[in-house]
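Here's a quick walk through one protein model, from the overall fold down to a few side chains. Keep the viewer open as you read.

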Amino acid sequence: MSLSVSITGLLTGLSLIVAIGAQNAFVLRQGLLGKHVFAVSLACSLSDAALIALGVTSFRQIAVAAPWFVPAMRYGGAAFLIWYGARNLYSALRSSEALAAGDARASSLAQTLAMGLALTWLNPHVYLDTVMLLGAISTRFPGEETSFAAGAMTGSFLFFFALGYGAKWLRPIFASPASWRVLEALVALTMWTIAFKLIMGL
């Protein structure tokens, strides 16, 4: 396995997953509540790993069957990232909201896992981000897709477990709208950087 490609996969996966979304907010809230943190973090991580594997393997097959599809998805993915980054930058400049932990009643393990899995598998964006986009980026590393996928999967495990178990320490930070603005701006910059590399074929 190539270490540099794995690191690229790790950073790419983290840059996509760190954006504020329903799944991340759910994991954060469970961490703040201190309920079923390990199970939720593991379920989200394994789901992401399965989606990453699906994207990498499916794109490899599609590249052989339809050579035109890969560049089409590369430019389509770049366009999506440009829009995604613009949305995050807009949020950084205009939003005054903070992510609230919420005081929801504790649910059973089954209920909690069902909600976490629903927020993962029923979210249409996860298929574009994790399956399509990471699958498209993995084609930049012919013969080393496994290294890229391993890095991206590692990023998912690191992120979800850090978010779940680090929530109590992060609460004062995430209670501030300014912190979210900084995060949104960093996400926007990262998205545009990846888009530029996709367009240029770097």
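The protein has eight helices and zero strands, so from the N terminus on the order reads simply α-α-α-α-α-α-α-α. Keep in mind that this is a predicted model. Of its 202 residues, 42% are buried. Among contacts with a separation of 6 or more, 88% are between residues 24 or more positions apart.

Let's start with the nonpolar packing. In soluble globular proteins, nonpolar side chains tend to be buried together. Here the largest nonpolar core has 19 residues, and the members touching the most other members are Ile 52, Leu 81, Leu 133, Ile 137, Phe 148 and Leu 198. At least two residues of this core come from each of α3 (37–65), α4 (69–94), α6 (124–138), α7 (145–174) and α8 (177–200). The largest share, five residues, is supplied by α8. Apart from this core lies another one, of 11 residues, including Leu 32, Val 40, Phe 159 and Ala 167.

What does Leu 198 touch, not counting residues up to four places away in sequence? Its partners are Arg 74, Gly 77, Ala 78, Leu 81, Leu 133, Ile 137 and Arg 140.

**Helix α5**

Now for α5, residues 109–121.

**Thr 120 and Asp 48**

Thr 120 lies in α5, while Asp 48 is in α3. They are 72 residues apart along the chain, yet their C-alpha atoms are separated by 8.2 Å. Buried or exposed, what is Asp 48? With 5% relative accessibility, Asp 48 counts as buried, and Thr 120 does too because its value is 2%.

| Residue | Relative accessibility | Contacts |
|---|---|---|
| Thr 120 | 2% | Gln 23, Cys 44, Ser 47, Leu 51, Val 126 |
| Asp 48 | 5% | Ile 17, Gln 23, Thr 130, Ser 156, Phe 160 |

Gln 23 turns up in both rows.

**Aromatic rings**

A search of the whole structure turns up three aromatic pairs. Phe 161 and Tyr 165 make a stacked one, 6.3 Å centre to centre with 5 degrees between the planes. These two are four residues apart in helix α7, which means about one helical turn separates them. Together with Phe 38, they form one aromatic cluster. How exposed is Tyr 165? Its relative accessible area is 43%, so Tyr 165 is partly exposed.

How values were computed: Residues are numbered from 1 along each chain as its sequence is written. This is a predicted model: local features need pLDDT of at least 70, side-chain atom pairs count only at pLDDT 80 or more; totals for chains, interfaces and linings use all residues. Side-chain values use heavy atoms; hydrogens and water are left out. A nonpolar core is a set of buried Ala, Val, Leu, Ile, Met, Phe, Trp, Tyr and Cys residues joined through side-chain atoms within 4.5 Å. Buried means under 20% relative accessible area, exposed over 50%, partly exposed in between (1.4 Å probe, protein chains only). Contact means heavy atoms within 4.5 Å. Rings of Phe, Tyr and Trp (its six-membered ring) pair if their centres lie within 6.5 Å; planes under 30 degrees apart count as stacked, over 60 as edge-to-face and the rest as tilted.
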